Amino acid sequence: MTRDESAGVDTQAREAWKRTLTDAADLAERRETAGWTVLYTQSSETTVVTNPDEKEYAFRHLVPDEDADQISDWVADGDFPQYDVHRATKAGTVFLVIEILDPEQERWLLIAAAYPLTAIGGVSETIGDHPVQTRIRQLDGTVVASFEHTDSEKFLPSDAGGLTGRQN
């Protein structure tokens with residue numbers, strides 16, 4: 001890849017991230033308008049944990065401490081059985097907007113995140129029907145919340161583009 005091509009990829013990734021943030025903010029506004037309490041956060045780093053021997057697959061999101069504290073309080077005081085994932089792939093990066101919902105208390109956690117395609121390697125072949133987790137952590141590595149999801153395809157890129165749909 002030439003230097004000019006590399007600059008084009010960086011520009012594409014920056015634009016895709018801006019679109020992801022705009023989409024997330026629009027979703028948050030719609031939920032708030034519908035009367036839900038919304039906590040919207042951005043992952044400053046998303047890592048993919050793959051441990052096929054233990055059948056462990058997780059997306060670990062680093063979030064600001066103040067958001068992590070509130071998420072920790074919400075998880076201790078609620079149940080988040082529903083989720084949705086909106087996904088797009090651009091310039092070698094997977095961009096995600098993850099919705100995690102507590103319908104009983106009308107609370108909605110929204111996470112904007114991105115991870116490089118290279119982070120998943122052959123995981124799509126090994127993950128099969130195994131669940132994946134969303135883990136939210138602080139800078140010191142403390143996991144403040146963990147959510148299990150049955151549909152791993154929602155988190156992984158496919159030819160179908162942005163697979164979406166609510167899970168109970």
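How many helices and strands are there in the chain? In this predicted model, the chain holds three helices and eight strands. Read from the N terminus, these elements follow one another in the order α-β-β-β-α-β-β-β-α-β-β.

A few totals describe the chain as a whole. The chain has 168 residues, and 39% of them are buried. Its accessible surface amounts to about 9,000 Å², and carbon and sulfur atoms account for 45% of that area. The contacts between residues at least 6 apart in sequence may also be considered: 59% of these join residues at least 24 apart.

Individual residues give examples of such contacts. Threonine 41 belongs to strand S1, which covers residues 37-42. Is this residue buried or exposed? Threonine 41 counts as buried because its relative accessibility is 1%, and the limit for a buried residue is under 20%. Leaving aside residues up to four places away in sequence, threonine 41 touches Val63, Pro64, Asp67, Ile71, Leu109, Leu110, Ile111 and Ala112.

A second example is glutamine 133, which is placed in strand S7, residues 132-137. When residues up to four places away in sequence are again set aside, glutamine 133 is in contact with Tyr57, Ala58 and Phe59, and also with Ser146, Phe147, Glu148 and His149. Glutamine 133 can also be compared in position with serine 152: the two are 19 residues apart in sequence, and their C-alpha atoms are 8.8 Å apart in space.

The discussion now turns to charged side chains. Side chains of opposite charge can pair when their charged atoms come close.

Another salt bridge joins arginine 137 to glutamate 45, with 2.5 Å between the closest N and O atoms. Arginine 137 is in strand S7 and glutamate 45 is in strand S2 (residues 45-51), so this pair ties together parts of the chain that are 92 residues apart in sequence. The two partners fall into separate classes of accessibility: arginine 137 counts as buried, at 8% relative accessibility, whereas glutamate 45 is partly exposed, with a relative accessible area of 38%.

Lysine 154 and aspartate 84 provide a further example, their side chains meeting in a salt bridge at 3.5 Å, N to O. Since lysine 154 lies in the segment after strand S8 (143-149) and aspartate 84 lies in strand S4, the pair ties together parts that are 70 residues apart in sequence. Lysine 154 counts as buried because its relative accessibility is 2%. Aspartate 84 likewise counts as buried, in this case at 6% relative accessibility.

With a relative accessibility of 56%, glutamate 66 counts as exposed, since the class of exposed residues begins at values over 50%.

Finally, the backbone deserves attention at two places. Most residues other than glycine have a negative phi. Alanine 91, although not a glycine, has a positive phi of about 55°. This alanine is found in the loop between strand S4 (82-90) and strand S5 (93-102), and alanine 91 counts as partly exposed because its relative accessibility is 26%. Glutamate 106 also has a positive phi, near 50°. Where does glutamate 106 lie? Glutamate 106 lies in the loop between S5 and strand S6 (107-116). Its relative accessible area is 38%, so glutamate 106 is partly exposed.

Key: Residues numbered from 1 in each chain as written. Predicted model: local features only at pLDDT ≥ 70, side-chain atom pairs only at ≥ 80, totals over all residues. Heavy atoms only, no water. Buried < 20%, exposed > 50% of the residue type's maximum accessible area, 1.4 Å probe, protein only. Helix = DSSP H or I, 4+ residues; strand = E, 2+ residues; numbered from the N terminus. Contact = heavy atoms within 4.5 Å. Areas by Shrake-Rupley, 256 points an atom, 1.4 Å probe, with all protein chains shown as cover. Salt bridge = Lys/Arg side-chain N within 4 Å of Asp/Glu carboxyl O.
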